[in-house]
Amino acid sequence: MRPTVHDIAATAGVSLATVDRVLNNRPGVKRATRERVENAIGVLGYVRDVAAANLAKSRIYSLAFILPDGDNSFMGALEAAIAEAQSRGPHERTQVRLVKVPAFDAKALAEALDKIGAEGVDGLAAVAVDAPEVAVAVERLSEKGIPFVTLVSDLTASARAHYCGIDNSAAGRCAARLIGRFVSTPGAPVAVIAGSMLVKDHRERVEGFRDAVMRDHPELRVLAPIEGRDDGAIVYRQIGMLLDERPDVAAIYSLGAGNRGLVRALKERGLAGKVKVVAHELTPASRAALEDGTIDVIIAQDPGHEVRSAVRILKAKADGQPVIDAQEKIGIDIFLKDNLP
């Protein structure tokens, strides 16, 4: 039989109330008494059932998510997944709230982290802007014992507890391999459209793409990344100017949002289906473009899995429990129009 708190109390010669205070790290226990209880726990091999204990105490986990604001369909899908997590709250003993900040704004994100940290939560997740002020704000959360999870885009050299997202370098390498097979003309220019190089996921995709092209397809010429701010109107203007200046562009790697602008620019110039396009994230606009042949391949990730994973990880971290890595690994999906879900 598994040892119980009654066995700990009997072995240590203390009351059940004292055992409870030690297990929950509450004050009011003498050092020598605490040591007796901890020794009894070790001798008996007691493993606490945190889930059962929290259920008995009717514990509710207070969790917060921070997303960038703006017209980004993938972020909209993340928001919908967070809304689903909110609806599951009564069953999962969670209270989930959503806060939005301006996209790619490190100062606004750091201020939001500080504000939510001061109000007090059991865990916090955010799409990170990879900037020093954000890393410092995460360090302050860690000092308060508040676990922080990066969502979709990670944070360099920080105190974050976990990252919920795909391997973005691998995604960039996948795009390079695909475009390398699509384009056979030596010296053909390949355009790259990012949202912002301020976020780590976009930088890693660019770096993975460039490295793989240089290694496996040196005959191609990768142009300097265009930063479209994940805004369809900006992408439309910028890619339109590029296509007008460089009509020899053979392929485009769109690694951020704003694909509606890209599709519009290609169609207006009669280039849909002629310029090979690999894009990211399965949204209504990218799905339609994949179906009509304007986009050739979509590299995607599951926003629902990422949000569910973040909730599980934050609850585990709040309880000091291990994370099941295999369960939390986010896969890379590759869609052609033939295998659309």
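Colleague: Which residue of strand 10 stands opposite serine 254?

Modeller: This is a predicted model: local features need pLDDT of at least 70, side-chain atom pairs count only at pLDDT 80 or more, and totals for chains, interfaces and linings use all residues. Residues are numbered from 1 along each chain as its sequence is written, and side-chain values use heavy atoms, with hydrogens and water left out. Four bridges join strand 9 (residues 251-254) to strand 10 in parallel; strands are DSSP runs of E (at least two residues), helices are runs of H or I (at least four), and both are numbered from the N terminus. In strand 10, the residue opposite serine 254 is alanine 279.

Colleague: What is the handedness of the crossover from strand 9 to strand 10?

Modeller: The chain leaves strand 9, passes through helix 12 (residues 259-268) and reaches strand 10. A crossover is right-handed if, with the strands pointing away from the viewer, the path from the first strand over the helix to the second runs clockwise. This β-α-β crossover is right-handed.

Colleague: How many of the five residues of strand 10 are buried?

Modeller: Buried means under 20% relative accessible area, exposed over 50%, and partly exposed in between (1.4 Å probe, protein chains only). Strand 10 is largely enclosed by the rest of the structure, because its buried residues number four of the five.

Colleague: Which residues cover the two faces of strand 11 (residues 297-300)?

Modeller: In a regular strand the side chains alternate between the two faces of the sheet. Both faces of strand 11 are covered by buried residues. One side has Val297 and Ile299, the other Ile298 and Ala300.

Colleague: What is the strand order in the open sheet of five strands?

Modeller: The pairing in this open sheet is parallel. Its edge strands, each pairing on one side only, are strand 2 (94-101) and strand 5 (162-164). From one strand to the next the twist averages 20°. The order is 2-1-3-4-5.

Colleague: Which helix packs on that sheet?

Modeller: The helix touches strand 1, strand 2, strand 3, strand 4 (148-151) and strand 5. Its direction makes about 135° with that of strand 1. The helix, residues 303-319, is helix 14.

Colleague: Is alanine 125 buried or exposed?

Modeller: Alanine 125 is found in strand 3 (residues 123-126), where it is the bridge partner of phenylalanine 65. Among the residues it touches are Ile66, Val149, Ala310 and Leu314, contact meaning heavy atoms within 4.5 Å. Its relative accessibility is 0%, so alanine 125 counts as buried.

Colleague: Where is leucine 198, and how far is its C-alpha from that of aspartate 130?

Modeller: Leucine 198 lies in the loop between strand 6 (189-194) and helix 10 (200-216). At 41% relative accessibility, it counts as partly exposed. Not counting residues up to four places away in sequence, leucine 198 touches Phe104, Val129, Asp130 and Arg203. Aspartate 130 is 68 residues away in sequence, yet the C-alpha to C-alpha distance is 6.0 Å.

Colleague: At what angle do helix 7 (residues 106-119) and helix 8 (residues 132-143) cross?

Modeller: Axes are lines fitted to C-alpha atoms, for helices over the stretch in contact, and angles run from 0 to 180 degrees between N-to-C directions. The axes of helix 7 and helix 8 come within 8 Å and cross at roughly 10°. That makes helix 7 roughly parallel to helix 8 (under 35 degrees; over 145 is roughly antiparallel, 65 to 115 roughly perpendicular, the rest oblique). The angle, then, is roughly 10°.

Colleague: How many nonpolar residues does the contact of helix 7 with helix 8 have?

Modeller: Ala, Val, Leu, Ile, Met, Phe, Trp, Tyr, Cys and Pro count as nonpolar, Asp, Glu, Lys and Arg as charged, and the others, Gly among them, as polar. Among the contact residues are Leu113 of helix 7 and Val138 of helix 8. The charged residues number four, the polar one, and the nonpolar eight.

Note on methods
Pairing = 2+ DSSP bridges.
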